[in-house]
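Here are my notes on the model, as numbered points. Please read them alongside the sequence and the structure.

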Amino acid sequence: DPVTQAEVTNRLQKASRIPMLVSLDGEWGLSMRLSGTTRFPKNMMLGAIEDNALIEEYGKEVGRQCREMGIHINFAPDMDVNSNVDNPVIGLRSFGENPEAVSEKGIAYARGLENTGILSVSKHFPGHGDTSEDSHETLPVVRHNRARLDSVELLPFKRYIYDGFAGIMTGHLYVPALDKSHKPASFSKAVVTDLLQKELGFQGLCFTDALAMKGASTKKTDNPSVKALLAGNDILLAPAAPINDFTAVKEAIEEGVLDLEAIEAKCLKILRYKYIAGLNAYKPVETKGLSKRLNSPHAAWMAAKLNSEAI
């Protein structure tokens with residue numbers, strides 16, 4: 001619930017020498033993770049709304065609630081184009097099957113979030129929409145050629161990048177047209193560094209999807225965090241064995257597998273985004289009256305308005 005979460009956040013921030021970025025996996029707001037919060041419609045429902053200005057206002061309201069909770073990053077919007085009816089994991093999380101509509105809705109939501117100072121993170125690059133498998137359980141394959149990827153899967157991400165938003169999450173997907181080495185896109189230098197950062201020009205924060213997912217499982221001899229850093233990611237989410245991974249990363253630096261200057265550049269980039277997120281003027285979450293501030297009349301109106309406009 002929000003108050004318990006806020007108390008945990010305050011305790012961790014107090015213990016931290018440098019204020020920490022707090023992130024939420026809240027594609028449809030706080031209610032995706034916290035009880036007793038406003039239930040907004042999921043993205044498929046929002047995809048039926050014609051007025052994208054309303055989607056932006058919704059993003060602002062989600063951003064406001066994140067700020068009340070001491071959250072700086074929301075892993076949203078989901079910008080997967082849901083073109084496969086057998087998709088077991090995206091479905092309701094996508095704004096739809098039309099790449100242009102997904103772009104417009106996703107960017108409106110991201111703009112709303114970032115206008116309130118919350119960093120948005122679009123996902124799951126290069127596109128998890130046309131899969132019939134779940135990357136939590138296995139490594140899905142996206143078999144399209146580059147021309148099709150450019151016109152469908154990659155289109156929303158390109159628009160998001162060109163509009164200058166903060167973050168992109170790489171998915172645990174095998175995309176042979178981009179890298180034939182059977183690596184997940186999240187561990188592929190060809191995808192993360194060459195395509196996302198160099199070709200498409202993305203300079204923001206690159207997040208992996210959760211490294212504990214089975215789609216990220218690697219051979220026993222390879223460390224997933226080291227592989228994710230070598231690919232070009234900045235922030236590694238939810239490794240299955242954080243202490244082992246921390247040791248493995250330090251060893252990889254000492255052995256010259258990972259370049260220390262590259263790691264320092266990533267640290268500097270993260271510190272810049274901490275500054276952008278306002279952590280240079282950190283204040284603890286005010287828990288008194290928190291639930292009332294979250295569940296405001298405006299929040300209730302916004303949820304009702306989104307539902308009625310979608311219908």
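1. How far is the sulfur of Cys 267 from the closest cysteine sulfur, and in which residue is that sulfur? The closest is in Cys 206, 15 Å away, which is too far for a bond. A disulfide is taken here as a pair of cysteine sulfur atoms within 2.5 Å, and a search of the whole structure finds 0 of them. Cys 206 is buried, at a relative accessible area of 0%, whereas Cys 267 is partly exposed, at 42%. Buried means under 20% relative accessible area, exposed over 50%, and partly exposed in between, with a 1.4 Å probe and protein chains only.

2. On the basis of these notes: this is a predicted model, in which local features need pLDDT of at least 70 and side-chain atom pairs count only at pLDDT 80 or more, while totals for chains, interfaces and linings use all residues. Residues are numbered from 1 along each chain as its sequence is written, and side-chain values use heavy atoms, with hydrogens and water left out.

3. The structure holds 5 aromatic pairs. Rings of Phe, Tyr and Trp (its six-membered ring) pair if their centres lie within 6.5 Å; planes under 30 degrees apart count as stacked, over 60 as edge-to-face, and the rest as tilted. Phe 125 and Phe 157 have ring centres 5.3 Å apart and planes at 80 degrees, so they are edge-to-face. This pair links distant parts of the chain, 32 residues apart: Phe 125 lies in strand S3 (residues 119–125) and Phe 157 in helix H6 (residues 155–162). Helices (H or I, at least four residues) and strands (E, at least two) are DSSP runs, numbered from the N terminus. Both Phe 125 and Phe 157 are buried.

4. Tyr 160 and Phe 165 make a tilted pair, with 5.0 Å centre to centre and 35 degrees between the planes. Tyr 160 is buried at 0% relative accessibility, and Phe 165 is buried at 9%. Ring pairs also join Phe 40, Tyr 58 and Tyr 109 into a cluster.

5. Helix H4 (residues 99–115) has 17 residues and spans 24 Å from its first C-alpha to its last. That is close to the expected 24 Å, which is 1.5 Å times one less than the number of residues. Among its buried residues are Val 102, Ile 107, Tyr 109 and Leu 113. The buried residues of H4 pack against helix H2 (43–46), helix H3 (52–68), strand S2 (73–74), S3, helix H5 (146–151) and H6. Contact means heavy atoms within 4.5 Å. Just after H4, Gly 117 takes a positive phi of about 90 degrees.

6. Val 62, in helix H3, is buried, with a relative accessible area of 2%. Not counting residues up to four places away in sequence, Val 62 touches Gly 29, Phe 40, Asn 74, Tyr 109 and Leu 113. Val 62 and Gly 29 are 33 residues apart in sequence, yet 5.5 Å apart in space, C-alpha to C-alpha.

7. Ser 296 is in the loop between helix H11 (290–294) and helix H12 (297–310). Ser 296 counts as buried, at 14% relative accessibility. Neighbours within four places in sequence aside, Ser 296 is in contact with Glu 61 and Arg 64.
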